[in-house]
Amino acid sequence: MKRVLVILSILLVSFLIAAFFIKVNKRETLLYKIQQWVTYDTADWENYEHNKQLLAAGATEVTTTEVAAVEDDLYPVDTNRISPEFRALEIEKIRKSDFGQLVIAKLPPDHEDAQIALIHLTDRKLTDVIINQKINIKVGTCFENPKTAGNYRCVSCMILLYNRAKKSWVEAPNGENFLKNAYDFYQVFEGDIWQARDLSMRIPYDYALVEKYSK
């Protein structure tokens with residue numbers, strides 16, 4: 001029996017390694033598709049289909065020169081809420097980012113982890129917003145980020161501000177808008193507290209997160 005289990009384990013590991021290199025389409029590997037089937041809920045699939053439609057609609061609408069001008073802008077953008085002249089540019093950035101290669105984090109920070117990390121990152125400026133403006137941080141789907149900078153692990157996630165009184169997400173706290181909509185979260189060593197830093201990897205806009213915390 002043990003021998004059978006060992007053989008099955010070896011076969012499974014071999015299959016997963018092979019799946020990482022097998023392309024299902026131009027942007028997605030077999031391993032990524034398996035991960036989708038195992039982990040995605042209805043909202044995640046809707047988000048995925050939305051991004052697919054954007055890629056299909058805007059794959060050839062802008063030039064490489066235009067994209068190069070904004071290559072350093074890593075932050076996710078809701079393409080439904082930007083003006084038409086910039087929408088095509090953003091869709092081209094999405095297409096070139098090859099999101100199909102991203103790996104969803106298995107053990108990401110939860111809402112509380114992300115909130116505490118951002119409190120430290122903002123030198124506790126966020127604390128006043130949480131208490132006086134009834135705001136909490138909500139974190140969306142996180143992706144493994146290979147840019148660990150020597151830390152144990154790093155993930156990149158979109159976040160939003162949830163107003164406890166309005167029971168809905170809000171654009172920004174009243175007053176100074178000092179938060180971005182996505183950050184890297186990292187652990188210095190295994191089991192360590194999560195810390196936050198500026199985003200270092202492009203990730204998709206998390207439509208499912210926004211939908212979940214909308215009225």
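Residues are numbered from 1 along each chain as its sequence is written. In this predicted model, local features need pLDDT of at least 70, side-chain atom pairs count only at pLDDT 80 or more, totals for chains, interfaces and linings use all residues, and side-chain values use heavy atoms, with hydrogens and water left out.

Reader: Which cysteines form a disulfide?
Author: A disulfide is a pair of cysteine sulfur atoms within 2.5 Å. The structure holds 1 disulfide. Its sulfur atoms lie 2.1 Å apart, and they belong to Cys142 and Cys157.

Reader: How many residues apart in sequence are the parts that Cys142 and Cys157 tie together?
Author: Helices (H or I, at least four residues) and strands (E, at least two) are DSSP runs, numbered from the N terminus. Cys142 lies in strand 1 (residues 135-144) and Cys157 in strand 2 (residues 153-163). The pair therefore ties together parts separated by 15 residues.

Reader: Is the disulfide of Cys142 and Cys157 right-handed or left-handed?
Author: Look at the torsion about the S-S bond, which is about 110°. The disulfide is therefore right-handed.

Reader: Is Cys154 buried or exposed?
Author: Buried means under 20% relative accessible area, exposed over 50%, partly exposed in between (1.4 Å probe, protein chains only). Cys154 has 1% relative accessibility. So Cys154 counts as buried.

Reader: Which cysteine sulfur is nearest to that of Cys154?
Author: Cys154 is in no disulfide. The nearest cysteine sulfur is 8.4 Å away, and it is that of Cys157.

Reader: Where do the buried residues of helix 7 lie?
Author: Helix 7 spans residues 125-132, and Leu126, Val129 and Ile130 are buried there. Seen down the helix axis, they fall within an arc of 100° (the arc of the directions from the axis to the C-beta atoms). So they line one face of the helix.

Reader: Which exposed residues does helix 7 carry on the face turned away from its buried side?
Author: That face has two named residues. They are Ile131 and Asn132.

Reader: How far does helix 5 reach from its first C-alpha to its last?
Author: Helix 5 (residues 84-97) has 14 residues. The expected span is 1.5 Å times one less than the number of residues. That gives 20 Å, and the helix comes close to it, reaching 20 Å.

Reader: Which residue takes a positive phi just after helix 5?
Author: The phi there is about 55°. The residue is Asp98.
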